[in-house]
Amino acid sequence: MSTPTYQSEYDVIVIGGGVLGAFHAYFAMRQGLKTLLIERNVFPQQASVRNFGLIIPSAMPAGRWRDRAIASCEIYSELCELLDVPLRRTGTQYLAHTAAEADFLKQMAVACEDSLCPAEYYSAEETIRSSCCLNPEFCQGSLFFPNDLQLDPDQFFRALINWIACTSDCDYLPNTTAISVESQESLACIRTSSGRTFQARHTFICSGADLQTLFPEIYASRNLQYCKLQMLKLSNPENRTLGTSIASPIALTRYPAFLNAQSLQGVSLPAPDPVLQERGIQIWMTQNQNNEFILGDSHAYSSDAPTEFLSAEVESHIINYARKMFVKLEFEVLDRWCGIYTEEQSAGLFQQTLDDRIHLITGIGGKGMTTGPGLARENIRQLSLIQSRP
């Protein structure tokens, strides 16, 4: 859905309709700023809609990123009710395969008792009883985070952008590529491939994995890399129900929350099989709202933009590991896809402001769904504070 008419000048223009762009536009509008959101497709099509739809504070380290994740849960809850989009409190279950992993998760559960991200340890027997298809020979226990959320990302962003386009304070311009952004006196001037020009007091460029169209020289000089992931949809002929989102023990050596906990406990869990580690494979099994199984994913990092070709070898490794975790499942692949995003390798986020009015924001990595709304709200609140200064 596009807006019927457009102004030539706005308070805020946001380029890119993915998770970062859509939420910067949403919060700018909420602050009473006349806003334009520009998206090169009808709706976003890249990593923001090609993911599990998981919002998982459980994977974030205590501090700023977990605070953003918890804030994002509140934002999604409010918006899903407004938009009539299903939001499921599925929780996340992180599995232990060895006694050492189980002992680590027991201690982590104790440390989480009084936190804003509580967790409960399940014994091996409790873990097996909690799901329809976990392999008793694989599971030695698990850590369950009940407050983690899940939604259908494609459905959510279509609903959010449609709603944004119907409001009085935010216009939506789809099927449009912004090809230049320049400072002109006190405004930023945006030129599109169709020849349109717009001006704004502030412009947020949230172009995701597109590092070539706008300011490529700046991105090239920074610590950014691409990440390509692969995911699958599996058949579920017997209509089995997982009951929760399930993460393999590889997560315990991959996600910051667990790495920090290991440091505090003074333990170091072994790295996964080198073949899996080399391909960045971390196994998740979730279900969408149609009760279909979603399985993934891998992480292939590169300095050059990757293609969207899929690797049969990577898919085979994902399925083979999942077969160890689960029984009574048909591993018939119904669909497969990839997603591409960028990641700032040191800080986990790239933000830079040019001439006090052009804001580049990308490189948030795989935590965009979980933390993007909270980050966007922070940025717009900071912008509003700047605007209100005498």
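1. Secondary structure. The protein chain contains 10 helices and 19 strands, where helices (H or I, at least four residues) and strands (E, at least two) are DSSP runs numbered from the N terminus. The model is predicted: local features need pLDDT of at least 70, side-chain atom pairs count only at pLDDT 80 or more, and totals for chains, interfaces and linings use all residues. Residues are numbered from 1 along each chain as its sequence is written, and side-chain values use heavy atoms, with hydrogens and water left out.

2. Overall dimensions. The radius of gyration of the protein chain is 21 Å, which agrees with the value near 21 Å that a compact globule of 390 residues would have. The radius is taken over C-alpha atoms, and the globule rule is 2.2 Å times the number of residues to the power 0.38. Along the principal axes, the C-alpha atoms fill a box of roughly 65 × 45 × 40 Å.

3. Of the 390 residues in the protein chain, 57% are buried; buried means under 20% relative accessible area, exposed over 50%, and partly exposed in between (1.4 Å probe, protein chains only). Among contacts with a separation of 6 or more, 77% join residues 24 or more positions apart, a contact being heavy atoms within 4.5 Å.

4. Surface and charge. The accessible surface of the protein chain is about 16,700 Å², and carbon and sulfur atoms contribute 47% of that area. Accessible areas come from the Shrake-Rupley method with a 1.4 Å probe; for residues, only the protein chains shown count as cover. The chain carries 30 positive and 42 negative side chains, and the centres of the two sets lie 2 Å apart. In this count Lys and Arg are positive and Asp and Glu negative, while His and the chain ends are not counted; the place of a charge is NZ of Lys, CZ of Arg, CG of Asp or CD of Glu.

5. Helix α2. This helix covers residues 64-83, 20 residues in total, and reaches 28 Å from its first C-alpha to its last, close to the 28 Å expected at 1.5 Å a residue. The expected span is 1.5 Å times one less than the number of residues in the helix. D84 follows α2 and has a positive phi, near 60 degrees.

6. Helix α1: F27. F27 belongs to helix α1 (residues 19-30) and counts as buried because its relative accessibility is 8%. Leaving out residues up to four places away in sequence, F27 touches I75, P373, A376, R377 and I380. With I380 the sequence separation is 353 residues, yet the two C-alpha atoms are separated by 6.3 Å.

7. Helix α1: Y26. Y26 is also placed in helix α1, and it is buried, with a relative accessible area of 2%. From Y26 to R336 the distance is 31 Å, C-alpha to C-alpha, across 310 residues of sequence.

8. F43. The loop between β2 (35-38) and β3 (54-55) holds F43, which is buried at a relative accessible area of 10%. The C-alpha atoms of F43 and F157 are 7.7 Å apart, although the residues are 114 apart in sequence.

9. N291 lies in the loop between β14 (284-287) and β15; its phi is near 70 degrees, a positive value in a residue other than glycine. Further along, G296 and D297 are joined by a cis peptide bond with omega about -15 degrees. D297 is found in the loop between β15 (293-296) and β16 (300-302).

10. R279. This residue sits in the loop between α8 (274-278) and β14 and counts as buried, its relative accessibility being 19%. With residues up to four places away in sequence excluded, R279 touches S298, H299, E313, V314 and H317.

11. E344. Strand β17 (residues 333-344) includes E344, a buried residue with a relative accessible area of 10%. Apart from neighbours within four places in sequence, E344 is in contact with N223, L224, L349, F350 and G363. The C-alpha atoms of E344 and F138 are separated by 35 Å, and the two residues are 206 apart along the chain.

12. D355. The loop between β18 (350-354) and β19 (358-362) contains D355, a residue other than glycine whose phi is positive, near 55 degrees. D355 counts as partly exposed because its relative accessibility is 48%.
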